[in-house]
Structure formats: structure tokens, C-alpha cells
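Okay, thanks for making time, everyone. Let me put the thing on the screen and then walk you through a few spots I liked.

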Amino acid sequence: MFEGAAVVRLENGSGRCAGRVEVKHQGQWGTVCGYSWDMTDAAVVCKQLGCGSALEAPKYGHFGPGSGPIWMDNVRCRGTESALSDCTHNGWGQHNCDHWLDAGVTCSEFTGFRLVNGSTACEGRVEVRVLGTWGSLCASRWDVLDAHVLCRHLDCGFAESIPRGGPFGRGTGPVWRDSFHCDGTEAHLGQCPVTALGASPCSHENNAAVICSAGSASLRLVGGGSRCDGRVEIFQHGTWGRVLDDQWDMQEASVVCRQLRCGEAETAYNPPKPQRGTGPVGLRGVRCAGHEANLTLCNTSLPESVLAAGIAEDVGVVCWGSRQVRLVNGPGRCAGRVEIYYQGSWGTICDDSWDLPDATVVCHQLGCRGAVKAVASAHFGEGSGQIWLDAVNCSGAEAALWDCPAGSWGQHDCGHKEDAGVDCSDVPVLPGDGRCL
């Protein structure tokens with residue numbers, strides 16, 4: 001006998017798009033066991049509820065233990081299902097579980113993004129659709145990394161500017177006060193961590209806006225850990241193509257970093273074989289003086305004799321703007337082991353002289369509130385790879401951790417058992433909180 005999809009709800013969270021997963025079967029609500037529960041399973045729940053993409057798939061009773069039957073165990077979704085009950089599992093009521101293992105979900109709630117009232121589709125006032133309702137986005141915490149993610153999602157290149165003062169007119173719907181915390185690598189804003197701005201004032205005169213590049217000769221960097229490092233590709237005649245060269249150096253890299261608004265160039269390189277491109281070639285052979293505003297203003301009409309003399313390979317750059325900081329292995333995005341992305345790889349910080357002013361810079365840089373604690377001795381677990389900084393000595397007023405006095409990059413006398421950590425006072429607020437209409 002055919003049965004329709006089982007109804008799903010999220011309980012004990014901050015709204016209808018976050019909470020403990022409960023399924024209605026045979027007229028009775030029950031929970032889902034957290035064994036093997038992952039982001040693919042969570043994504044199906046968010047899709048079924050019309051709550052956007054999945055941000056987290058917490059398990060082990062994160063939203064408190066439920067009661068009644070445990071209907072599903074060992075859930076294995078492919079991600080293409082339209083309902084959780086379409087996923088494979090042990091069978092209704094078949095489990096080896098307890099309610100302290102109940103699965104949960106946190107969804108983004110964001111189901112659409114667009115730019116309105118601009119002269120092209122790639123500029124305008126930012127509007128976000130939350131559970132079916134379009135509204136403007138408050139600009140209080142809107143920054144260029146958020147804008148880069150939106151531009152790329154809309155196939156509009158990268159963000160050239162984020163104008164203030166309402167240049168694209170007033171919206172008429174609600175003003176969403178959510179604050180995105182993108183690192184620039186996300187596929188869309190719904191994948192970025194989000195907090196709410198609480199009581200911060202926000203009106204239609206303070207709407208977020210962006211002007212994306214969307215140019216005929218846009219550049220992008222692929223395969224790196226940020227939008228400011230990776231292999232170079234150029235967009236021409238409606239297609240992204242590889243850039244090949246046999247004498248790629250810091251002059252060309254400086255132009256690429258400048259064009260992408262990624263700061264100074266740190267490294268010019270040829271990617272190793274596994275990272276090389278396989279698609280069409282958009283540009284072969286380029287010579288820059290280093291001061292040009294974009295790559296197409298360099299000499300790209302080299303004689304065939306010059307091109308034939310060398311072996312042209314894929315090219316890559318690492319720009320200063322690729323540097324990032326994150327907190328890992330903590331209870332949320334505002335607490336954890338401090339890691340820095342530098343020269344294309346993540347590494348940790350030694351806890352020698354690590355103190356509250358250092359932690360304060362990290363917390364502010366991540367958009368969290370003030371630092372509660374600077375922790376040492378791998379309090380949040382040992383990292384791996386490079387230990388990038390030692391003897392950090394911030395005043396607390398610096399804009400970024402790498403602006404603080406410290407030893408040279410990669411120079412240290414530490415092991416990972418000395419990895420530094422931070423506990424900030426900010427606890428992420430779920431997207432449903434703190435909006436104004």
C-alpha cells in the first residue's frame with residue numbers, strides 16, 4: 001500500500017527551521033537516531049521544510065532529548081530525496097538507540113538572493129528571500145567578503161564595491177537584520193555562518209548593496225582556499241578559460257591581485273600537475289610591467305617565436321588578501337583553536353606570550369564580541385601542518401592578527417601541543433532571531 005511522505009518538524013530550536021528532528025508516522029510523532037546522521041540527511045530535512053540549505057547536522061541530543069518512539073535509525077540519504085522518509089533506514093521503529101542521541105538540524109532559512117534596482121543584473125540593492133518572503137538586507141555588517149560570495153553565486157564575477165547610503169533606492173518589504181560571516185569561498189550566502197544584529201537600528205536607508213565586476217575580461221582564482229589564491233582563469237566571450245605562460249612572475253601576479261582587489265601579490269607560481277586545468281585556454285603568453293590595472297592591459301600579443309621558445313603552463317597566484325583566520329574544534333564559530341590561512345595552507349599559532357589582547361583581535365576580526373579567554377596548551381585539541389606564528393604581541397587595537405608584532409612566518413620553537421585558542425563572548429544566533437519588519 002502506497003504511503004505519502006512522512007511529515008517532518010523541528011522541535012526545541014529557535015524557530016521552525018532549527019531543532020530536534022521529529023517524524024510523524026502512524027499518527028504519532030517520534031525522533032530520529034543520531035547514529036550516522038550527517039549534512040546530506042540534514043539537507044533533505046531543510047529541503048522538505050522549505051528552509052533553504054543545511055548549516056549544521058547536530059546529533060547526540062543537541063536540541064534536547066525527545067520522547068515517544070524513535071522512528072528512524074541509520075538514516076542514509078543521497079541528498080536528492082524530496083522527503084526524509086524517502087531515505088533508506090533500518091525500518092520504522094527499528095533502532096538500537098536512546099533519546100540522548102536524537103538528531104537535529106539547523107537550516108539557513110534563506111531560499112533566494114537577488115540584486116534589484118540596478119542598471120544591470122549584477123548591481124543593486126541586496127534582497128534575500130526568507131521562507132518565501134523577499135526583503136532587503138541590513139548593511140550594518142555587510143562587507144566585501146559577503147559581497148564576493150553573492151556576486152559569484154549570481155555569475156557576476158567579484159564585488160567591485162559595496163556602496164553605502166542607499167544608491168539603489170528603498171525597499172518596500174521587511175529589512176532582514178541577519179549578519180553574514182563569509183570567508184569568501186562559499187557557493188552562496190546561505191552557506192555562510194549567520195548571526196542576528198539584535199537591537200541594532202536598521203532601516204531602508206541602510207540597505208546592503210553591491211556592484212559586481214561582471215566584466216567581459218573578469219578574472220577568478222580557482223582551486224585555492226580563498227578567492228585570493230589559486231590558479232588563474234579569465235572570462236572571455238562567455239567562457240572561463242585557463243591562463244598559460246612560460247615566464248609567469250611577480251609582475252603578472254601583482255596585476256592579477258590588484259584587479260581582483262586582493263591586495264599585494266605574495267607568490268607567483270605554476271600549479272603542480274594535479275592542480276592544472278583541463279578546459280579551454282583563454283590566454284596564452286602575457287608580459288606585464290606590474291602597474292597595469294588589469295591583465296588584458298598587459299602585452300598579450302607576443303610573437304609566435306616567443307611563445308614557441310618556452311613551455312607555457314597554467315599559472316597561479318597567492319595574494320595578501322587570501323589570509324584568513326578561523327576558530328576550529330570549539331562549540332561554535334566564536335570559540336576554538338586559532339588557525340591562519342597563509343601561503344595556501346592552514347596552520348596554527350604557538351601559545352608563547354598568547355594573552356587576552358591577542359584573543360581580542362581574533363574575536364573582533366571574526367565579527368564576534370570581546371574575548372572572554374585566551375587559552376593555551378592545545379585546549380581545543382592539537383592542530384596539524386604548519387605553526388605559522390609565534391610570540392604574537394597584539395595591543396588589542398589591530399584590525400587583523402597578522403598586523404600584530406610577532407616572529408617571522410613559520411619561525412617557531414613550538415609543537416602542536418602548544419596551539420593557542422580563543423573563547424569569544426559571542427554565541428551565534430540562529431537566522432530566525434532578531435529581524436524587524
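This is a predicted model: local features need pLDDT of at least 70, side-chain atom pairs count only at pLDDT 80 or more; totals for chains, interfaces and linings use all residues.

Residues are numbered from 1 along each chain as its sequence is written, and side-chain values use heavy atoms, with hydrogens and water left out.

Most residues other than glycine have a negative phi. Ala-378 has a positive one, near 50°. Where does Ala-378 sit? In the loop between β25 and β26 (386-389), and Ala-378 counts as buried because its relative accessible area is 14%. By the way, helices (H or I, at least four residues) and strands (E, at least two) are DSSP runs, numbered from the N terminus.

Asn-12 also has a positive phi, near 70°, but Asn-12 is in strand β1. Buried or exposed, Asn-12? Exposed, because its relative accessibility is 56%.

Also in β1, which covers residues 8-15, is Leu-10. Leu-10 is buried, at 7%. Contact here means heavy atoms within 4.5 Å, and beyond four places in sequence Leu-10 touches, among others, Val-45, Leu-49, Val-105 and Cys-107. Its C-alpha is 8.9 Å from that of Thr-106, 96 residues apart along the chain.

Asp-41 is buried and has no salt bridge, meaning a side-chain nitrogen of Lys or Arg within 4 Å of a carboxyl oxygen of Asp or Glu. Which side chain of opposite charge is nearest to Asp-41? Lys-59, 8.0 Å away. Lys and Arg count as positive, Asp and Glu as negative, and His and the chain ends aren't counted. Leaving out residues up to four places away in sequence, the contacts of Asp-41 are Ser-36, Val-75, Arg-76, Cys-77 and Leu-84.

Last stop, helix α5 (residues 356-365). Its buried residues are Asp-358, Ala-359, Thr-360, Val-361, Val-362 and Cys-363. What do they pack against? Four strands get named: β22 (324-332), β23 (335-342), β25 (371-375) and β27 (421-424). After α5 comes Gly-367, with a positive phi near 75°.

That's my tour.

Methods:
Buried means under 20% relative accessible area, exposed over 50%, partly exposed in between (1.4 Å probe, protein chains only).
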